[in-house]
Amino acid sequence: MPNLISFQSSALGALGQLALLAALAFSLGGTWLAVVGGLRADARATEAARRAVWAVFGLVTLASLILMTALLGDDFSVRYVAEHSMRASPTWVKVTSLWGALSGSILLWAWLLAGFAFVLSLTLRRDALRPWALAAMFVSLLFFVGVCASVASPFTPVSQLVTDGRGPNPALQNHWMMAVHPVLLYLGFVGLSVPFAYAVAALVTGRLSDHWVVTTRRWTLVAWAFLTAAIVAGGWWSYETLGWGGYWAWDPVENASFIPWLLATAFLHSVQIQERRGLMRSWNVWLIVLAYASTVLGTFLNRSGIVQSVHAFAGGPVGPVFLGFLAFLLVAGIGLAAWRAPHLRDEGEPPAPVSREGAFLAGNWLFLVFAVMVLVGTLFPTFVEAVQGRRDASVGPAFYNAFAIPLGLGLLGLMGVGPLLPWRRAEGQGLWRALRPLLIAGIGAGVLAFALGVRSPGVLGTVALGAYNLVGLGLLTARALRQRGGDLAGLVREQPRRYGAYLAHVGLVVIALGIAFSGAYRQDAQTTLNVGAAPTKLLNESVALQTIRPVQKPYGRSIVAQVLIDEELFEARLNTYVQGGNTLFATPAVRYGVLGDTYLVVTAFDPGGKWASVRLIESPLVSWIWWGTLIVVLGAGLTLVAPRRATVRAPVARTAPATD
């Protein structure tokens with residue numbers, strides 16, 4: 001019987017490897033068919049390439065299901081299962097182990113990429129872009145499936161069968177958010193492959209009219225929404241898991257997810273200019289190429305071991321491979337864009353500085369500068385190490401905040417003025433009439449915040465610009481409501497794209513306020529409490545330690561401290577895991593509130609259960625970040641409801657601020 005079980009287990013791993021090899025073969029064949037279909041305008045070859053996508057998706061799905069079966073069934077004949085799972089782990093931890101280590105995470109990426117390619121194959125129009133868009137997707141599939149089937153195969157067998165596994169990374173099983181954050185992040189990263197494929201197809205065929213950007217906008221918006229949710233979910237994981245009371249540390253891997261978000265956000269704004277005015281064509285091509293390339297850069301940083309991060313995987317053999325693929329994408333994208341540069345010239349005159357196009361162009365420059373500065377700060381320690389051999393170089397939050405705060409305030413200012421400006425050119429008197437109530441609201445909000453005790457210039461600026469934005473959006477909506485007799489539901493149904501964008505802007509204002517207040521006015525204090533002692537005053541709170549008790553589980557041990565804070569019971573934990581040695585992982589107790597959070601974490605304890613050291617953090621408006629993100633995602637979803645429409649160009653210049 002043991003021999004039979006061993007044979008079945010090894011057969012399961014072999015089947016998974018065979019599925020990946022077959023998927024690789026179909027990816028190679030599909031690439032060839034798509035290129036032939038494009039070069040010869042051969043509809044049959046293009047159709048065969050489309051069906052090859054289905055085969056790749058089915059085979060990678062089969063491989064993913066096999067690995068999940070091996071994880072849930074504790075099949076330790078598969079090395080990935082033996083090294084990253086264990087029999088005693090809860091079921092949800094075994095599921096998240098699929099993407100909790102290097103090989104499994106790349107398999108998840110390949111599966112999601114195949115899924116996007118499958119959906120694309122069902123929605124592509126029968127035009128000249130079709131075969132080349134498929135070919136571009138197949139190139140990405142070739143790379144990711146090829147990596148899974150070779151240097152990072154999750155189906156490599158163990159040399160000696162073990163009875164139990166080492167278990168997953170302790171940091172990845174300390175909070176349920178690990179079941180959400182990585183999947184959202186990969187959906188955002190992989191989603192940008194489709195706009196990239198359309199851009200490549202447009203460059204190869206020379207069909208650089210507005211059709212490709214109109215189609216691409218929806219795909220980019222989906223990827224952008226997932227990426228937005230992923231970044232904030234990662235911040236929430238950090239907030240709930242690492243025990244430091246923060247959510248963003250300008251960590252290299254955090255930055256690697258932020259850079260494509262900045263570039264995709266810029267594209268979503270400039271694509272409107274190409275749709276409406278036929279301008280910023282080169283901007284849109286470059287932004288999409290760089291956005292997708294930056295996702296591969298982020299994956300390289302996360303999996304090469306060249307940066308130090310709590311989010312990064314250990315170094316492995318895939319680093320040089322990803323670097324090569326990144327170089328290929330950049331060379332191919334830059335080469336195609338340079339080749340088609342004469343066809344990327346804008347049709348009309350450059351946008352006037354005081355116009356909606358001018359505001360979007362200024363915003364694009366701010367987004368681009370923001371992305372470049374984040375990239376410089378992220379890679380600087382790596383360059384220092386490569387040139388000087390030093391490993392002590394670092395770039396701290398002070399560097400990032402020095403440009404992030406003014407750039408962020410600048411973007412908030414442009415976000416408020418953009419919808420009010422007319423296309424082409426704004427006249428001074430009409431512009432002043434439109435901006436006056438917004439400026440009054442912004443100044444009034446800033447003065448009120450100052451009167452209530454706010455002294456931080458960054459926070460005052462955020463409050464003023466937040467009010468400025470909200471009043472502007474409110475006035476635009478109120479004006480449209482008057483024209484429709486107060487029918488808000490009908491207005492949203494008629495123009496979901498516009499009001500989805502407005503809602504997303506409201507969410508961004510809420511997020512900005514949460515970041516500003518929690519960053520500037522966070523309070524932090526530590527003390528040591530004795531069990532049963534009289535309450536201690538800490539940050540104007542009455543804090544008393546009731547009990548300390550151990551909780552033993554098959555996969556680890558927890559020390560639970562029950563603390564009364566103003567008569568409310570908090571339960572904070574320090575966890576150790578079987579595979580984590582004596583390393584302590586905090587699970588803080590958080591009281592979420594509309595105006596602020598109370599955050600308690602245990603930092604040390606007496607093994608005899610007599611005392612514990614605790615850290616109390618008061619962070620105003622942190623929850624606004626999470627709720628603001630939900631508003632942003634809802635706004636993006638509402639925007640996607642809008643039907644596709646043909647490109648509309650403004651025939652004549654307006655002389656008064658727009659209402660749309």
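Is Phe-144 buried or exposed? At 1% relative accessibility, Phe-144 counts as buried (buried means under 20% relative accessible area, exposed over 50%, partly exposed in between, with a 1.4 Å probe and protein chains only). Before you click on, note that this is a predicted model, in which local features need pLDDT of at least 70 and side-chain atom pairs count only at pLDDT 80 or more, while totals for chains, interfaces and linings use all residues. Residues are numbered from 1 along each chain as its sequence is written, and side-chain values use heavy atoms, with hydrogens and water left out.

**Stop 1: around Phe-144**

Keep Phe-144 selected and show its surroundings. Beyond its neighbours within four places in sequence, Phe-144 is in contact with Ile-106, Trp-109, Ala-110, Leu-113, Tyr-292, Phe-322 and Phe-325 (contact means heavy atoms within 4.5 Å). Phe-144 is also among the residues with the most contacts inside the largest nonpolar core, together with Ile-106, Trp-212 and Phe-370. That core has 173 residues; a nonpolar core is a set of buried Ala, Val, Leu, Ile, Met, Phe, Trp, Tyr and Cys residues joined through side-chain atoms within 4.5 Å.

**Stop 2: Ser-140**

Now select Ser-140, which lies in helix α6 (residues 129-149); helices (H or I, at least four residues) and strands (E, at least two) are DSSP runs, numbered from the N terminus. Ser-140 is buried, with a relative accessible area of 2%. Leaving out residues up to four places away in sequence, Ser-140 touches Leu-113, Tyr-292 and Phe-325.

**Stop 3: aromatic pairs**

The structure holds 34 aromatic pairs. Rings of Phe, Tyr and Trp (its six-membered ring) pair if their centres lie within 6.5 Å, and planes under 30 degrees apart count as stacked, over 60 as edge-to-face and the rest as tilted. Select Phe-144 with Phe-325: this pair is edge-to-face, 6.0 Å centre to centre with 80° between the planes. Phe-144 lies in helix α6 and Phe-325 in helix α12 (residues 318-339), so the pair ties together parts that are 181 residues apart in sequence. Phe-325 counts as buried, at 5% relative accessibility.

**Stop 4: a charge over a ring**

Finally, select Arg-340 and Trp-339. The charged end of Arg-340 sits over the ring of Trp-339, 3.9 Å from its centre (NZ of Lys or CZ of Arg is within 6 Å of the ring centre and within 35 degrees of the ring normal).
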